[in-house]
Amino acid sequence: MAMMPAAPSSRGKAARDPLPRPEDKRRAVRAMFDRIAPRYDVLNRVMSLGLDRSWRRFALDASHVGPGDRVLDLACGTGDLAAFAAARGAQVVGVDFALAMLGGARARSPRCKLAQADAAALPLPDGWASAVTCGFALRNFVSLPAVFAELARVVAPGGRIALLDVDRPDTAWLRAGHAFWFDRVVPRVGGWLSDRQAYAYLPKSTVYLPPAAMLASQLADSGFEKIAKRRLLFGSAQLWTAQRGKPSR
Ligand SMILES: C[S@@+](CC[C@H](N)C(=O)[O-])C[C@H]1O[C@@H](n2cnc3c(N)ncnc32)[C@H](O)[C@@H]1O
């Protein structure tokens, strides 16, 4: 595969590309992940400086995933979280709408069941999951409330969810260093090694994440409780945990 940097004019164009309009987002995001699937894992390690795997383990610890659990790995991609959950003795179903990403998951985690589906229309019965994991996908969904409502349907009362995504540090100098890495280095390296347009989109897509108070109230409105946000690595990543409320008698 050719790994030459793009001509400056086209790299500039990718950086200026607007985010997809809401009506185009689903199709654009799915096509993008199908394109970048072959090099997704390598770029993940580079972009997070290898920290993404410890964040994933932390998400599983925080949601107490272990033997006997029935875990849905939502938007499972190439199956990193699914494989970690299966290694802890859980029964795992990974769902993603991008077929090429699921191909990576099949190779990585043969023990996990996989399904191609949209996060807002899951092929699982009501109350099937005792836990849900979701890594770095929230900002890619078209409607978070629709996805949270669907999660509330498939998670059993008392079941736990752990939703991981990127974030921006609060402290000014950390924020500046993070912005340099995430907004300038990542798109450039992503362009060299994989796909310019996709790795220009990924940092910009953080604007799709609602403020913390809004995300918490969307989870609460969907029937989740004990909602908590943790900031990882000085705020470079965020982990949301919550529990499906038990029906009141
Ligand atoms: C950044 S990747 C994360 C993959 C994996 N969870 C991880 O931690 O590496 C985002 C994933 O979300 C999937 N995705 C985005 N929107 C989706 C949707 N509406 N339904 C199902 N999968 C979706 C993409 O196909 C992609 O695999």
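Visitor: Which element gives the largest share of the shell around the ligand?

Guide: The model is predicted. In it, 20 residues surround the ligand, and the closest are Ala75, Gly77, Ala98, Ala119 and Gly135. The elements that give two or more residues to this shell are α2 (22-36) and α5. The largest share, three residues, comes from α2.

Visitor: How many residues of the shell around the ligand are nonpolar?

Guide: The shell also holds four polar and four charged residues. The number of nonpolar residues in the shell is 12.

Visitor: What is the strand order of the open sheet?

Guide: The sheet has seven strands with mixed pairing. From one strand to the next, the twist averages 15 degrees. The order is β3-β2-β1-β4-β5-β7-β6.

Visitor: In β2, which residue stands opposite valine 71?

Guide: Strand β1 (residues 70-74) and strand β2 (residues 91-96) run parallel and are joined by five bridges. Opposite valine 71, the β2 residue is valine 92.

Visitor: In β5, which residue is the bridge partner of alanine 131?

Guide: β4 and β5 pair in the parallel sense, over six bridges. β5 is mostly covered, with nine of its 12 residues buried. The partner of alanine 131 in β5 is arginine 160.

Visitor: How many of the eight residues of β7 are buried?

Guide: β7 pairs with β5 in the antiparallel sense over seven bridges, and valine 166 stands opposite alanine 237 in β7. β7 also pairs with β6, again antiparallel and over seven bridges; there, arginine 231 has glutamine 238 as its bridge partner. The strand is largely enclosed by the rest of the structure, because the number of its residues that are buried is seven.

Visitor: Which residue takes a positive phi in the hairpin of β6 and β7?

Guide: Four residues lie between the two strands of this hairpin. The positive phi, near 45 degrees, belongs to leucine 233.

Visitor: Within what arc do the buried residues of helix α4 fall?

Guide: In α4 (residues 52-62), the buried residues are Asp52, Trp55, Arg56, Ala59 and Leu60. Residues three or four places apart in an α-helix point the same way, because there are 3.6 residues a turn. On the other side of α4, Ser54 and Asp61 are exposed. The buried residues line one face of the helix, because seen down its axis they fall within an arc of 140 degrees.

Visitor: Which elements do the buried residues of α4 pack against?

Guide: Both helices and strands are on the list. The helices are α3 (40-47) and α5 (80-87). The strands are β4 (129-135), β5 (155-166), β6 (224-232) and β7 (237-244).

Visitor: What is the value of phi at histidine 64?

Guide: Histidine 64 follows α4 and lies in the loop between α4 and β1. It is partly exposed, because 13 other C-beta atoms lie within 10 Å. Its phi is positive in a residue other than glycine, near 55 degrees.

Visitor: How far apart in space are arginine 27 and tyrosine 40?

Guide: Arginine 27 lies in helix α2 and counts as exposed, because it has 10 C-beta neighbours inside 10 Å. Arginine 27 and tyrosine 40 are 13 residues apart in sequence. From C-alpha to C-alpha, their distance in space is 18 Å.

Terms used. Residues are numbered from 1 along each chain as its sequence is written. This is a predicted model: local features need pLDDT of at least 70, side-chain atom pairs count only at pLDDT 80 or more; totals for chains, interfaces and linings use all residues. A residue is buried if 20 or more other C-beta atoms lie within 10 Å of its own, exposed if 12 or fewer, and partly exposed in between; C-beta atoms are placed from the backbone. The arc is that of the directions from the helix axis to the C-beta atoms. Two residues are in contact if their C-beta atoms, placed from the backbone, lie within 7 Å. A residue is near a molecule or strand if its C-beta atom, placed from the backbone, lies within 6 Å of it. Ala, Val, Leu, Ile, Met, Phe, Trp, Tyr, Cys and Pro count as nonpolar, Asp, Glu, Lys and Arg as charged, and the others, Gly among them, as polar. Two strands pair if DSSP finds at least two bridges between them. Axes are lines fitted to C-alpha atoms, for helices over the stretch in contact, and angles run from 0 to 180 degrees between N-to-C directions.
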